[in-house]
Amino acid sequence: MGLGDFIRGNIALYQVCAEKNIPFAIDFSQHPMGAYLKGHEQSTRCDSQACIDLIDVYEDEIRDTAALYNKIKKHYKKGKTLRTYCNAFQTFPISAECKTFVANSMIPNDLLNDRIASVCHPSFNMDCYETIHIRTGDPVAFGGSLKRNVIEKLYDEIGKTIAHIRKNSNKHIIVLSDSTVIKNLIAKKFGLYTTNSVTTHLTAEGGDVAGTLADYFIMINSDKIYQFTNAYHWWGSGFSNSASWIYDVPLACYKLKCFRMEFLQLKQKEFM
C-alpha cells in the first residue's frame, strides 16, 4: 500500500469503528513510517501473521465501509485486539472528529522535521506556495518508464496549467510526484521547485521513507494542490486527495490524456 492507500483505509476504519462503537487506534510502530511519526499508538510487536490483511486485491473486494465491517466482525472479538490494515474507500462527508483523529496520529517527530527543513532549495518560500502533484501510476512508480513522445505531451498538458497558475499568482510552485524522474523533469523544464527526496512507494522494500513523508507534509501545508493523474486510476491519487480530505487543502484535479496504459513502456532502462 502507498501512503494515500494507508490514510484512506484508516479513515474507513475510523468510520466503521466510530459507528459500531469499537475502540480504534492507528499504530505505525511496525512500519518504517513509525521512525518518523509521533502521536500514534505504540503497540507491542506482534507476529506479522497476527495482522489481518483486509486490502482490496480485486478478487476479494472491500471497497466500502459496509463491506469492511462485514469482514471485521468475522475476526473481531470484544475485549480483544484485532490488528489489521486495509485500503477501503471511506464515506463522505468525513467528520471533523475523524480528520482530527487521523491528523493527530501522523505528527512529524524531530527526525522528520529536520528532513522537511532540508528537502527543499534554501530559496523556496515555505510560508507561501502551491503544489503540483503528478501521479504517473504504479507501473511507473515501480520502475517502468514513459515512452519518449509522452514526455512532450506531458509538458504540453501540464504547461498550460502552470501558465495559468503563474498568471493568477506570484507564489512559489513546487512539483511532487510518485516518479522522481518526472518531478525533476517538470521542475527543470518550467523552472519550478521540487524536493531532493527519492520518491518511494511504501509497498517497496527500503527506499526514502523519510523523504516521501517530507514530501507529504510539504504538500499538506501548501495553499493549493493541482493534482494531475493518469487516465486509468479513476479515483485520482490518495496521496494528494488525503491532503484535501484531512487537512482541507484546496484541490484542483486534472486527468492527463497522455497517461494511458498503452503509452507506458514498462522497462526500467531508458527513462528518457
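Biologist: Which exposed residues does H3 carry on the face turned away from its buried side?

Modeller: Bear in mind that this is a predicted model. In H3, which runs over residues 96–104, Cys98, Lys99, Val102 and Ala103 are buried. They span an arc of only 125° around the axis, so they sit on the same side of H3. The face turned away from that buried side carries the exposed residues Ala96 and Glu97.

Biologist: Is arginine 8 buried or exposed?

Modeller: Arginine 8 is in helix H1. Further along the sequence, it touches Asn87, Ala88, Phe89, Gln90, Trp235 and Trp245. Its relative accessibility is 2%, and the cut-off for buried is under 20%, so arginine 8 counts as buried.

Biologist: How far apart in space are arginine 8 and alanine 88?

Modeller: In sequence, the two are 80 residues apart. Alanine 88 is among the residues that arginine 8 touches. From C-alpha to C-alpha, the distance is 6.7 Å.

Biologist: Now the charged pairs. Which residue does lysine 171 form a salt bridge with?

Modeller: Side chains of opposite charge can pair when their charged atoms come close. Here the closest N and O atoms are 3.2 Å apart, and the partner of lysine 171 is aspartate 223. The pair links distant parts of the chain, 52 residues apart: lysine 171 is in the loop between H6 and strand S7 (172–177), and the loop between helix H8 (209–220) and strand S9 (225–229) holds aspartate 223.

Biologist: Where do the two partners of the aspartate 215 and lysine 183 bridge lie?

Modeller: Their closest N and O atoms are 3.7 Å apart. The pair joins distant parts of the chain, 32 residues apart, with aspartate 215 in helix H8 and lysine 183 in helix H7 (residues 180–190). Both aspartate 215 and lysine 183 are buried. So the answer, in the order you named them, is H8 and H7.

Biologist: What about aspartate 156 and lysine 160: how many residues apart are they?

Modeller: Their side chains meet in a salt bridge of 3.7 Å, N to O. At 44% relative accessibility aspartate 156 counts as partly exposed, while lysine 160, at 58%, counts as exposed. Both lie in helix H6 (residues 148–168), about one turn of the helix apart, which is 4 residues.

Biologist: Last one: what is the relative accessible area of histidine 133?

Modeller: Histidine 133 is in strand S5 (residues 129–135). Its contacts beyond four places in sequence include Leu176, Met219, Tyr226, Phe228 and Phe239. Histidine 133 is buried, with a relative accessible area of 3%.

Notes
Residues numbered from 1 in each chain as written. Predicted model: local features only at pLDDT ≥ 70, side-chain atom pairs only at ≥ 80, totals over all residues. Heavy atoms only, no water. Helix = DSSP H or I, 4+ residues; strand = E, 2+ residues; numbered from the N terminus. Buried < 20%, exposed > 50% of the residue type's maximum accessible area, 1.4 Å probe, protein only. Contact = heavy atoms within 4.5 Å. Salt bridge = Lys/Arg side-chain N within 4 Å of Asp/Glu carboxyl O. Arc of directions from axis to C-beta.
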